[in-house]
Amino acid sequence: MEKIKQLQDEALGLIRQAKDLAELDSVRIRFLGKKGELTEVLKSLGSLSPEERPKVGALVNEAKVVVEVALNDQKVSLLAQAQKQKIAAEKIDITLPGKGIKLGKLHPLTQTMEQAKDIFLRLGFEIAEGPEVELEYYNFDGLNIPAHHPSRDVDSTFVIKDEVVMRTHTSPVQVRVMEKRQPPLAIIAPGRVFRRDYDATHSPVFQQLEGFLVNKNITFGDLKGVLTEFLRQMFGSEKKVRFRPSFFPFTEPSAEVDVECLKCGSEGQKGCNICKGTGWLEILGSGMIDPNVFKAVGYDPEKYTGFAFGVGIERIAMLKYGIDDIRLFYENDLRFLEQF
Ligand SMILES: [Zn+2]
């Protein structure tokens, strides 16, 4: 009987000292396991006298209950303690300096394209798209570009196979839209175009924004109004704009549109590296749509007139940001891209 009391006290002492659940479990096994010390006492009851047996048996069972309750209490308190420590370890110190989040930015060409699209959308144009791999017909013939024209030279065009090319401009979208729809039309066609060219100012892949407007009674005055508004919104309302006669197969008459030099102004300054001293920068090509283009899509040229224009997005971005090598746009050098 003495021994039972001793075992109980020893077990309770060890339980109080247990520092974790593993230690606690080893105490449970030592006293209450199959070969535990209290269990062994129960097994030895047979060797006792009939009078002692029930007394000792009751005492051992009582001791087992006491030990089990103590084990459970200690387990609960160890778990609570562990939880407390975990919370303390995870506590956020709000006085620590924050981590800076690096925000991504849009590529300068994307920014320029978005700005150009926004201007025309506000002017009432809608967006149309066409395939980059294009039939020769839409890229050339449908635009009144005859078979012998220098722009059809295989040296400047990526030819996929007979009668199929990578489009060299976004103008084919003009023909595709006009074939399917009737005027009035006010459309812009932004997209990538491809030419066999590669140097500081030419890239084999670049972006154009094509636009055209067709309706009754559209005049060259409408062309000037729309394009002047576009260039003023793009480069600043105080900038001078001029129209120069030019030639394109799909427009007649045609005009190149210049904006005054962003650096030295329309007077021009000797040695200016942007305008070469001329005071003017070529920005876009434009003109009244040739009657032959209308005939090819089944419009009556006596009934409808319209104008078309095309502008290079890289060229605008280079001028706006003062970049002298087009290849910088495609090299993905973060030191360059982070400046925009
Ligand atoms: Zn200049």
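How many disulfides does the rule give?

**Exercise 1. Count the disulfides.**

Solution. A disulfide is defined as a pair of cysteine sulfur atoms within 2.5 Å. By this rule the count is 0 disulfides. The model is a predicted one, in which local features need pLDDT of at least 70 and side-chain atom pairs count only at pLDDT 80 or more, while totals for chains, interfaces and linings use all residues. Residues are numbered from 1 along each chain as its sequence is written, and side-chain values use heavy atoms, with hydrogens and water left out.

**Exercise 2. Describe the site of the zinc ion.**

Solution. Step one is to list the donors (N, O and S atoms within 2.8 Å of the metal, or 3.2 Å for Na, K and Ca; water is not among the atoms, so sites may look incomplete). The protein donors are the SG atoms of C261, C264, C272 and C275, at 2.2 to 2.3 Å from the zinc ion. Along the chain, the donors have the spacing C-x2-C-x7-C-x2-C.

Step two is the geometry. Four donors count as tetrahedral if all angles lie between 85 and 135 degrees. The angles among the 4 donor atoms of the zinc ion are 101 to 116 degrees, and the site is tetrahedral.

Step three is burial (buried means under 20% relative accessible area, exposed over 50%, partly exposed in between, with a 1.4 Å probe and protein chains only). C264 counts as buried because its relative accessibility is 17%. C272 has a relative accessible area of 8% and is therefore buried. C275 is buried too.

**Exercise 3. Find the edges of the sheet that contains β2.**

Solution. Strands are DSSP runs (E, at least two residues), numbered from the N terminus. Two strands pair if DSSP finds at least two bridges between them. The sheet is open, has 3 strands in the order β2-β4-β3, and pairs in the antiparallel sense. β2 (133-135) and β3 (159-161) each have a single partner strand, so they stand at the edges and one side of each lacks a neighbour in the sheet. Between β2 and β4 (residues 164-166) there are 3 bridges, and L135 has V164 as its bridge partner in β4.

**Exercise 4. Trace the partners of β6.**

Solution. β6 pairs with β5 (residues 185-194) over 10 antiparallel bridges; R192 is the bridge partner of Q207 in β6. A further 8 bridges join β6 to the antiparallel strand β10 (residues 305-312), where G312 is the partner of Q208.

Notes: Tetrahedral: all angles 85-135°; square planar, octahedral: opposite > 155°, others 65-115°. Helix = DSSP H or I, 4+ residues; strand = E, 2+ residues; numbered from the N terminus.
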